[in-house]
Amino acid sequence: MRLPPCGCPLAVALTLQMPNDLSPDLRERLRRLGVVRGARVLLPSPRRPVAVESVLPGGFHETPAGRCWLARTEYPAGHAHGRLPLQSFLALSSDVLAVIGGDPSLATVPLSQALFLDTETTGLSGGTGTMAFLVGLGFFEEDRFVVLQAFLRDPGDEPAMIGFLDEFLPRFRLLVTFNGRGFDVPILQNRFVLARRPFPLDGVPHLDLLVPSRRLWRERLVSCSLTALERDVLGVVRDQADIPSGVIPLVYRDYLRTGDAREIPRILYHNRMDILSMPVLAAHLGRVFADPEEEAGLSGEELGALARWYRDAGRDAEVLLRAALRQTRAGVQRVRWLNELARTVKRRGEWGRSVEWWQQLALEAPDRIEPAVELAKVYEWHLDRPALALEWAREARRRAENLPPGPHREREIAEIQHRIRRLERRMLPLKFF
């Protein structure tokens, strides 16, 4: 008798007339291999592949280069995605959008002509060998928000997809992505280069939402991925149809191998949710930046990040720093906001007010040298209080002496000592001869 190999795909067992005198050990081994006396041979019925046409909405789009599959989903512009409606993006100020995106050209484009783009690819590392098998396009059309998804049923359909994109993309004057500058756009550019076509969105103003999202939330949130921002900021809840982004390339490869498209709708759902989240994320960023006092519940980390953002944009950050301090009771963050606030007031030349914040910082950060040095400078050069300047200079020296031994410690002490000697000479009584 020749036994089937271990792992043989028999559903139940093999029909076999087993002798009665088999040892118990041998019987157990045969049972584990699927051999049971008197059972039928039951081979597994093969899983019949499910075609894309039977599980995906949409249909074929004909191009001179062939045909590609397009799925179209429409939402009312007032559709609430999380805490905000999709059309809240259209209410943004273009000037605010330009500051958020760090690109003045963003202020020159009507927001109604924005394209929200997201791709799903055969790999997560990018490069010329990576293909975008799904390109999701979101845009406003009259009173609707449309998501158009171009899907490659077969890699051989890529020329048709490129042809469709080449025809469709030039209608938009603003590109919005999430990490598109580092991932989606370079991949599409590579595919257009391989197809010997110019990429239609080259030179179009581009708002990549990952950059401002990290700027605002990286200290509050563990992750600034889009799904994390949906959960922790936007109030978006994905249903069980979603699929982890890291699994998507594997699922597509399995589809190409087997021809079974059962899992493909989950990829389109994931891509569609990414696109829907972009307009509301942009709207939320714009609203927080434009009027933070109207956005209830901002944390100290968010307010402090906004204050630095305001400072870099040439705006007054004092109100935000004060709010951040009210939200932060102790710790490194509070010391940071105090330092920022003291520097902000100092830059405006308000020396008397800067003293208040340098003193508070010196009190809450007893190991820091900077506030004592700054107080010595203000009292010596701007408030003409040499006695107080000398006291703070001596305090700065005491703090510097607690630094670990090394060149930095010696340099700090030498600079402070020079200041002390100058102030001591200034404090000597005048002698008349």
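Let's start with valine 147, which has its place in strand S7 (residues 144–151). Strands here are DSSP runs of E with at least two residues, helices are runs of H or I with at least four residues, and both are numbered from the N terminus. The model is a predicted one, where local features need pLDDT of at least 70, side-chain atom pairs count only at pLDDT 80 or more, and totals for chains, interfaces and linings use all residues. Residues are numbered from 1 along each chain as its sequence is written, and side-chain values use heavy atoms, with hydrogens and water left out.

Is valine 147 buried or exposed? With a relative accessible area of 0%, valine 147 is buried. "Buried" means under 20% relative accessible area, "exposed" means over 50%, and "partly exposed" is in between (1.4 Å probe, protein chains only). Valine 147 and glutamate 74 are 73 residues apart in sequence, but their C-alpha atoms are 6.3 Å apart in space. If you skip the neighbours within four places in sequence, valine 147 is in contact with Ala71, Arg72, Thr73, Tyr75, Leu137, Gly138, Arg272, Ile275 and Leu276. Contact means heavy atoms within 4.5 Å.

Histidine 81 is found in strand S3 (residues 80–81) and counts as buried at 5% relative accessibility. Its side chain is joined to that of serine 277 by a polar contact of 2.9 Å. A polar contact is a pair of N or O atoms within 3.5 Å; within protein, one must be able to donate a hydrogen and the other to accept it, and residues adjacent in sequence count only if both atoms are side-chain atoms. Beyond four places in sequence, the contacts of histidine 81 are Leu86, Val236, Met273, Leu276, Ser277 and Val280.

Now for histidine 270, found in helix H9 (residues 264–290). Histidine 270 is buried too, with a relative accessible area of 5%. Which side chain does histidine 270 join through a polar contact of 3.2 Å? That partner is arginine 238. Again leaving aside neighbours within four places in sequence, histidine 270 is in contact with Glu120, Arg238, Asp242, Ile243, Ser245 and Ile248.

Leucine 229 sits in helix H7 (residues 226–234), and at 0% relative accessibility this leucine counts as buried. Leucine 229 and leucine 281 are 52 residues apart in sequence, yet 8.3 Å apart in space, C-alpha to C-alpha. Among the contacts of leucine 229, leaving aside neighbours within four places, are Phe178, Trp217 and Leu281.

**Rings that meet**

A pair of aromatic rings is described by the distance of the centres and the angle of the planes. Rings of Phe, Tyr and Trp (its six-membered ring) pair if their centres lie within 6.5 Å; planes under 30 degrees apart count as stacked, over 60 as edge-to-face and the rest as tilted. How many aromatic pairs does the structure hold? There are 18. Here are two of them:

| Ring pair | Centre distance | Plane angle | Type |
|---|---|---|---|
| Phenylalanine 89 and phenylalanine 116 | 5.0 Å | 75 degrees | edge-to-face |
| Phenylalanine 140 and phenylalanine 145 | 4.9 Å | 70 degrees | edge-to-face |

Phenylalanine 89 and phenylalanine 116 are both buried. Phenylalanine 140 is buried as well, with a relative accessible area of 10%, and phenylalanine 145 counts as buried at 0%. Ring pairs link Phe89, Phe116, Phe140 and Phe145 into a cluster.

Some rings have a charge over them, which takes NZ of Lys or CZ of Arg within 6 Å of the ring centre and within 35 degrees of the ring normal. The charged end of arginine 171 sits over the ring of phenylalanine 139, 5.2 Å from its centre. Arginine 315 lies over the face of tyrosine 310, at 5.5 Å from the ring centre.

**Helices and their buried sides**

In helix H11 (residues 318–327), the buried residues are Glu318, Leu320, Leu321, Ala323, Ala324 and Leu325. They pack against helix H10 (300–312), helix H12 (332–347) and helix H13 (351–364).

Helix H16 has the buried residues Arg409, Ile413, Ile416, Arg419, Ile420 and Leu423. Seen down the axis of H16, these fall within an arc of 130 degrees, so they line one face of the helix. The arc is that of the directions from the helix axis to the C-beta atoms. Helix H14 (370–382) and helix H15 (386–400) are included in what covers the buried residues of H16. The face turned away from the buried side of H16 carries the exposed residues Pro407, Glu415 and Arg425.
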